[in-house]
Amino acid sequence: MSVPTAAPRSAATAALPLAAPLGLFFVVFVVMPLLLLAFVSVHTDPSLSKIGLNQYAKFLGDGFNLAVLRDTLWLGLKVTVLTLAIGYPLAWVYVQAPSRWQPVLMLLIVLPLLTSSVVRTFAWVVILGRQGIVNSVLTSWGLIDAPIKLLYTPGAVTVALAQIELPLMVLPLITALSNIDPALRQASLALGAGRWRTFVQVTLPLSMPGLLAGCLLVFASSVSAFVTQTLVGGGQQMFMPFYMYQQAIQANDYPFAATIAMVLLVSVLAVVTAVNLLARRSRGFVHG
């Protein structure tokens with residue numbers, strides 16, 4: 001009589017040793033710094049001698065602080081909408097393009113990711129400056145008599161961030177649109193639906209996972225884009241990352257700077273969670 005062999009380990013159990021290094025890296029470089037940040041934020045003085053929630057009360061009780069948080073989240077929303085308006089047609093063009101042109105289009109899409117965000121931000125400073133390309137062209141065409149202020153404005157920050165974050169929107173959309181069976185669109189057209197109705201009722205719902213992923217990536221990245229917000233905004237507009245830097249480096253108030261960071265983190269996580277919950281209840285969302 002043969003002895004029954006032990007059941008083989010599941011694939012998930014077998015993969016645990018392989019995931020251990022990544023898990024350790026995540027704990028050391030993500031979880032522990034966040035815990036340290038939270039620990040610093042619950043101190044009442046820069047010397048970290050007393051513990052309390054005074055810093056959170058100070059932030060939430062001041063209208064200026066709440067206005068900075070509101071402006072930061074509003075900036076993220078504007079950048080997300082602008083990148084979506086540009087990124088969705090760009091992703092559609094890529095999917096519909098002949099296969100021989102797709103590598104070229106992909107190179108153009110990911111090219112900004114191959115350049116430092118600092119370099120791209122300084123490029124926008126040059127483009128939007130008083131002696132920059134835009135003002136020079138408008139002056140040479142006779143549309144303006146003197147250079148106008150484009151740099152250090154809310155619009156400049158929004159446009160610069162949208163260009164920098166655009167690949168984060170386009171790449172998930174390309175993946176989602178590429179996974180849609182062309183036969184579904186053809187069937188809709190064959191049944192009498194026009195191109196616009198086919199897009200609204202077939203293409204858009206099926207591309208919703210990629211659209212949501214792109215929106216969340218762009219939003220989370222744009223609200224924390226310290227370099228672009230500071231250089232293009234010129235320090236004349238206060239956003240949470242610069243406010244955090246100001247409190248930590250200039251005022252040496254690390255507990256309040258940590259509180260600003262924690263409030264921004266919680267706010268972004270709240271937006272991401274709310275969008276995910278709404279998306280799971282919306283029509284056309286593909287459950288994993």
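The model is predicted, so local features need pLDDT of at least 70 and side-chain atom pairs count only at pLDDT 80 or more, while totals for chains, interfaces and linings use all residues. Residues are numbered from 1 along each chain as its sequence is written, and side-chain values use heavy atoms, with hydrogens and water left out.

**Exercise 1.** Describe how helix H5 and helix H11 pack.

*Solution.* Two packed helices are described by the angle between their axes and the distance between the axes. Helices here are DSSP runs (H or I, at least four residues), numbered from the N terminus. Axes are lines fitted to C-alpha atoms over the stretch in contact, with angles from 0 to 180 degrees between N-to-C directions.

- Step 1: the axes of H5 (residues 117–128) and H11 (residues 226–233) come within 9 Å and cross at roughly 20°.
- Step 2: angles under 35 degrees count as roughly parallel, over 145 as roughly antiparallel, 65 to 115 as roughly perpendicular and the rest as oblique. H5 and H11 are therefore roughly parallel to each other.
- Step 3: on the H5 side, Val118, Thr121, Phe122, Trp124 and Val125 meet Val227, Thr228, Leu231 and Val232 of H11, where contact means heavy atoms within 4.5 Å.
- Step 4: these contact residues divide into seven nonpolar, two polar and no charged. Ala, Val, Leu, Ile, Met, Phe, Trp, Tyr, Cys and Pro count as nonpolar, Asp, Glu, Lys and Arg as charged, and the others, Gly among them, as polar.

**Exercise 2.** Now try H3 and helix H4: at what angle do their axes cross, and which residues make the contact?

*Solution.* 

- Step 1: the axes of H3 and H4 (residues 102–110) come within 9 Å and cross at roughly 155°.
- Step 2: H3 and H4 are therefore roughly antiparallel to each other.
- Step 3: H3 supplies Leu90, Val93, Tyr94 and Val95, and H4 supplies Gln102, Leu105, Met106 and Ile109.
- Step 4: the contact of H3 with H4 has seven nonpolar residues, one polar and no charged.

**Exercise 3.** Find the residues that touch the most other members of the largest nonpolar core.

*Solution.* A nonpolar core is a set of buried Ala, Val, Leu, Ile, Met, Phe, Trp, Tyr and Cys residues joined through side-chain atoms within 4.5 Å.

- Step 1: this core has 31 residues, and Leu211 and Val232 touch the most other members.
- Step 2: H3, H5, H7 and helix H10 (208–222) are the elements giving two or more residues to this core.
- Step 3: H7 gives the largest share, eleven residues.
- Step 4: leaving aside neighbours within four places in sequence, Leu211 contacts Leu84, Tyr88, Met169, Leu173 and Leu204.
- Step 5: a second, separate core of 14 residues includes Val68, Val223, Val268 and Val272.

Notes:
Buried means under 20% relative accessible area, exposed over 50%, partly exposed in between (1.4 Å probe, protein chains only).
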